[in-house]
Amino acid sequence: MENEKKSRQRFAMVIDVDRCTGCGACMMACAVENNVPPARPEAGDRTGITWLRVYRMDNGNTFPESESVFLPVSCQQCDEHPPCVSVCPQNAVELDPKTGIVGQIAERCLGCRYCMTACPYHARYFNWGDPEWPKGMEQALNPGVAPRMRGVVEKCNFCHGRLHAAEERAAAAGKAGVEMEAYVPACAESCPANAISFGDLSDPDSSVSVLARDADTFRLLPRLGTSPKVYYRSKKRWVRELAQKEAVKEERKTVNG
Amino acid sequence: MGKNFTRRHLLKFVGGSAAGLLLTPVPWKTLDDVAIWTQNWSWIPVPPKGEIQTRFTTCTLCPAGCGVRARCVGGRPVSLSGVAGHPAGGGSLCPVGLGGHHLPYHPLRLLEPARMDRSGGDDRPVPVTLDAALAAMARAAEETRSGASGGSVAVLDGRPGRTLSTIYRKFLGGMKSGLYLAPEMGIGANALQDMLLEPWGRPGLDLENTATLLSFGAPILDGWGAPGRMADLVLGRRDGKGRRLKLIQVEPRRSRTAAAADQWVPLNPGTEAALAFGLAHQLVQLRLFDEKSVRKRAVDFETGEGSSYLSLISRFTPDTVSGITGVSAETITGIARELARNSPAAVVGGGDPAGGPLGEEEERAIWGLNLLLGSVGKAGGFVPRREAPGDPAISGDGPAAVSRLEEVPDRSIRLLILDTAGSGGALPWKLIDRKLVPQNSLVAALAPVVAGDARRADLVIPVPSCTEALDEVPAPAASPVSTLSLAQPLQPAPAGVIAPAALIVRLAAALSVPLFSSGESAVWADCLKRRVEAIHNSGRGSVFSPQDGKFAEMAAIESPESLWKLLSEGGCWIDSREVPAPLPHYSLLGRKNDAYASMASAGAGRLAAVPGGAQAWPLVLMPSGLCGALDDSQVSPLMTKLYQESGLRRLLNQADINPATARAYGLADRGGAVIETPSGSLRVEVRFDPGVMPGVIHVAVGPGGGGKSRNRLRDRLNVLTICPDDSGRVWRVARARVREA
């Protein structure tokens with residue numbers, strides 16, 4: 001039992017909000033990596049699919065005292081009591097005890113969207129239609145990730161396809177676990193500002209563990225007790241305070257004054 | 001048995017069987033199989049499998065020249081990423097570059113030459129043969145050369161500085177009245193060339209050694225340069241190595257760059273020249289400028305006459321400038337002190353890519369600041385770039401000189417060839433349109449997709465997409481040293497497309513215009529090989545290898561073939577630095593006769609006087625957009641994640657307005673509005689943004705969303721169509737009014 005515990009990894013992400021420039025490279029890299037299809041013509045920000053979405057947050061002041069930051073929000077990979085796991089009638093959502101990743105099994109999903117309702121971070125997306133790519137573009141899809149069909153929910157899984165590939169390489173090399181150098185999600189890899197750090201929280205010396213303990217680090221909606229494994233950092237107090245509120249709805253609230 | 005088997009027994013058996021079945025795996029397995037089966041409909045694409053390879057190349061979607069690591073499956077790229085340590089890219093790609101491998105499948109992709117049919121208000125490509133298209137272009141060119149029809153032949157080169165650009169110029173040099181048109185790019189170097197009294201070389205900005213950067217609206221962190229490099233310089237490297245510069249961003253709205261800058265200075269739209277003069281005033285007044293150098297080299301700093309530079313800036317006291325720009329006198333003085341204290345300092349212009357370059361006067365005012373600060377000709381400032389050797393075989397008549405579009409007489413271009421390789425900036429079509437001979441012009445666009453300006457052409461010649469062809473990537477305009485990379489084809493180009501160089505070679509042959517030295521190959525790859533050989537023969541610089549992230553000195557590279565191989569595998573040649581030549585004498589006002597008056601006029605602001613004045617047009621309209629994504633032509637269909645599905649960036653004709661301003665006009669967030677200017681009106685969708693200055697409206701020029709639409713051009717008009725067209729060059733600010741739609 002003890003050995004099993006030691007072999008467990010808890011993958012986590014720390015996003016430095018002060019470094020994020022809101023360029024959107026992470027969103028693009030995520031969609032490319034995970035074969036998320038382009039928007040249907042009628043799709044908008046409420047019906048589109050973005051496993052990772054960058055929100056602009058404002059401090060609520062008027063011009064020119066208004067300040068803004070960009071907050072990338074994906075599945076927060078809750079470590080304790082993930083609401084989506086407990087509500088799924090199909091066991092289509094699992095918290096992998098070996099990695100700490102909350103996975104979504106599309107083949108089991110019935111499309112009831114109970115998990116979307118339960119998720120306090122609005123990080124789950126429903127396929128309102130069949131995935132469609134422009135003619136020929138299916139040749140540019142990532143063969144490591146299966147496209148999802150209409151009627152199922154999908155979300156960030158820390159680029160599970162990359163984890164599988166890293167596990168295969170590790171197994172081929174006769175190694176027991178995945179080395180962090182071999183496994184980096186697409187968003188962290190693509191960020192020009194190096195705002196996204198990724199690593200193993202079970203290693204107390206890893207960069208994410210060190211950053212997670214920093215005084216400027218915070219998590220979204222901590223009062224819910226879900227212990228997200230996506231951490232954020234900002235030296236700005238108003239950002240840390242804003243994150244305690246309903247993060248996703250806050251954008252429009254502050255923008256509208 | 002049969003006697004005892006009753007109906008009750010049958011029902012019991014059926015009921016028991018049904019209940020028992022539930023205790024077996026059969027129903028659950030069936031349910032599971034049905035679920036899996038319903039996830040695997042035949043129309044759900046299955047990603048093709050194949051051999052996985054990693055290839056290195058260079059992004060050609062903008063001039064930055066970022067290194068690309070391509071993951072290819074079965075010989076086709078499935079994802080692109082940056083190359084760590086690449087001297088041009090800084091290890092990252094922008095969102096436009098990350099989707100570069102999708103562009104061959106663009107919904108608006110053109111696979112054979114087409115004539116644009118606009119009958120019935122539609123713009124529909126009608127296929128024509130390449131021979132027919134070439135014949136039409138040759139006929140129009142021949143008519144101008146023979147004098148059978150008036151007008152000239154022109155090429156509008158979207159990205160000057162390439163070997164292809166030299167071929168264009170050679171072709172035009174062989175034509176009668178050939179015009180080579182190139183947009184202003186980078187740091188406004190043309191303005192400095194106009195100020196220097198002797199040749200000095202094209203300046204580049206030595207950003208790695210800059211301590212303070214004052215930016216007049218240049219989107220430093222949003223497409224101005226390679227994203228990774230700029231982030232490292234402005235935000236500092238995560239590993240703490242390297243130097244971080246201090247960024248002061250001057251622009252009306254809190255843009256992405258302004259939000260990340262050390263200091264954001266909001267100023268009234270169109271008043272950049274006044275602020276530059278105000279800063280110059282304080283630099284001189286407080287004796288913070290490089291007085292010795294300025295008095296030695298500037299011919300018009302203090303002439304004793306009323307038209308000297310000193311007399312001009314003496315009119316722009318901090319209080320006066322504060323009244324014009326809205327920037328406080330204390331802030332102006334503080335910036336001047338900071339520029340002098342934290343040196344080397346550099347000042348750059350640029351503005352929003354959709355708004356076009358700043359005016360000539362603003363650029364001269366900004367260069368004046370750099371000259372006062374002693375930043376020109378010094379490490380950490382602007383240093384002259386030694387140009388890379390070109391293809392020695394391109395010969396013939398002398399090349400056509402570089403012309404500016406605004407200087408071309410109206411109604412004078414008979415044949416216009418549009419090279420749509422993106423410079424990243426916008427150019428209103430009406431500025432081009434009024435240069436064309438009415439009713440008798442022919443516009444031929446070389447483009448992979450029918451989008452952007454290609455929609456407005458008469459002929460569209462399909463060219464390879466960015467991952468389909470061998471191409472070269474020279475140094476971006478602002479680079480302090482010359483560089484050269486090659487873009488390798490990652491996948492085959494469709495049969496119907498033709499490389500721009502091959503097209504011009506065929507056109508030149510049809511018109512008997514010699515392009516190359518006798519006996520030299522006109523094949524595009526051979527042109528590039530000759531250039532690489534010339535670079536190798538120069539013995540200059542070093543080559544970055546993406547495989548191991550190391551540099552190799554040119555002396556260690558045995559042959560031109562070895563250099564070609566290194567560059568073909570994603571390498572990047574970077575020239576060695578030399579000691580800058582001494583700065584020649586210069587004119588701070590510029591060499592034009594009316595320089596003093598035009599500079600003084602620009603200092604009053606760029607908002608043109610309009611009938612009715614500010615009372616009738618109380619708002620200011622400014623176009624906005626992302627470098628390289630100003631229309632659908634270079635945008636992956638997946639960019640809907642940013643533009644349509646999240647609202648992170650603005651779609652065509654979405655307008656950012658300060659909430660207080662919007663409410664004052666009865667507008668609602670996400671509601672419709674009509675913006676009017678003296679040049680026309682446009683329907684937009686309102687988005688509230690507290691980072692926008694009250695009284696200002698920023699309207700996005702594109703892209704259009706999804707890239708799927710083939711709807712009519714007239715339905716896709718962008719804000720540039722209602723921007724002012726009288727100045728010919730500056731369209732970034734316009735007086736406007738708004739009403740609810």
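How many residues does the contact take from chain B and from chain A? The contact takes 63 residues from chain B and 56 residues from chain A, two residues being in contact if their C-beta atoms, placed from the backbone, lie within 7 Å. This is a predicted model, in which local features need pLDDT of at least 70 and side-chain atom pairs count only at pLDDT 80 or more, while totals for chains, interfaces and linings use all residues. Residues are numbered from 1 along each chain as its sequence is written, and chains are lettered from A and ligands numbered from 1 in the order in which they are written.

On the side of chain B that touches chain A, β3(B) gives the largest share, five residues. Elements giving two or more residues to this side also include α2 (26-38) and α7 (227-235) of chain B; helices (H or I, at least four residues) and strands (E, at least two) are DSSP runs, numbered from the N terminus. By class, the side has 35 nonpolar, 16 polar and 12 charged residues. Here Ala, Val, Leu, Ile, Met, Phe, Trp, Tyr, Cys and Pro count as nonpolar, Asp, Glu, Lys and Arg as charged, and the others, Gly among them, as polar.

Now to the sheet that holds β3(B). Three strands of chain B form an open sheet with antiparallel pairing, in the order β1-β2-β3; strands pair if DSSP finds at least two bridges between them. β1 (52-58) and β3 (76-82) of chain B stand at the edges, each with a single partner strand, so one side of each is left without a neighbour in the sheet. Seven bridges join β1(B) to β2 (residues 67-73) of chain B, and Thr54(B) has Arg71(B) as its bridge partner in β2(B).
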